Amino acid sequence: MATLKLTYFDFHGGRGEPARLALAMAGIPFEDDRVNFADWPRRKPEMPFGAMPVLEVDGNLLSQSNAINSYVGKLAGLYPSDPWEAALCDETMEAVEDITSKLAATMFLPDEQKKSERKALVEGPIPSFLIALARRLEQHGGRNFAGDRLSVADLKVFTLMRHLRSGVLDHVPTDLPDRFAPKLMEHYERVKSDPRVAAYYAKCGVTL
Ligand SMILES: N[C@@H](CCC(=O)N[C@@H](CS)C(=O)NCC(=O)O)C(=O)O
């Protein structure tokens, strides 16, 4: 087995979380390199594209969260072997990236501008995205996003739902997923109750 080091910010969410979770669920040993915000400017030049997550595999660096998720998913048995299901897994993860990028673009804006840009997201793109994602879930059978087994796509959606409902995003009401996509909340509850997911967060001392 390759020697793995996953580098990402020190919180239980964001673009690095699905890979961390997938590795932990499969019991695959890895160095969990958590970067404090204060250390980030010093570490940034180490990263291939100046951003995280980054996965080091036997000394070789891999960037881009979804490339990392797909690779780790294959190691962990959480990525479909069927080509069509693999494509659906990728589709879901890229769709999550689209809305994540829109939210991330508001992160460091002055508060008044952040408020107005997030209000615009809350009035259009976020509900549209949630409705479309829930529809895709239904079209794929209603339980998982790719095939009939849990995959890294499910973990990525789970991580986003947790983020949206957490209250850490100022000016974004926490009940958007419940209001616009109850099927995604059922999916969230299913992933949350997976014994491997529950065990990981219990070990981290995180209440879901
Ligand atoms: N397309 C990249 C985006 C990476 C990205 O923007 N990561 C953020 C954290 S979620 C980051 O490193 N921000 C700090 C910075 O860009 O300086 C991916 O999917 O990994």
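Let me begin with a turn: strand 3 and strand 4 form a hairpin with two residues between them, and Asp58, in that turn, has a positive phi of about 50°. Strands here are DSSP runs of E with at least two residues, helices are runs of H or I with at least four, and both are numbered from the N terminus. The model is predicted, so to speak of local features we need pLDDT of at least 70, while side-chain atom pairs count only at pLDDT 80 or more, and totals for linings use all residues. Residues are numbered from 1 along each chain as its sequence is written.

Val54, for instance, has Ser63 in strand 4 as its bridge partner.

Now to the pockets. A pocket is an open set of points on a 1 Å grid over the protein atoms alone, where a 1.4 Å probe fits, with protein on both sides within 12 Å along at least five of seven lines, and its lining residues have an atom within 4 Å of a point. Grid points are joined across faces, edges and corners, and the volume is the space filled by probe spheres set on them.

The largest pocket holds about 890 Å³ of space. It is lined by 33 residues, of which Tyr8, Phe11, Gly14, Met107 and His163 are the closest to its centre.

The second largest pocket holds about 170 Å³, and helix 9 (residues 182-192) gives the most to its lining, with three residues.

Notes: Heavy atoms only, no water. Pairing = 2+ DSSP bridges.
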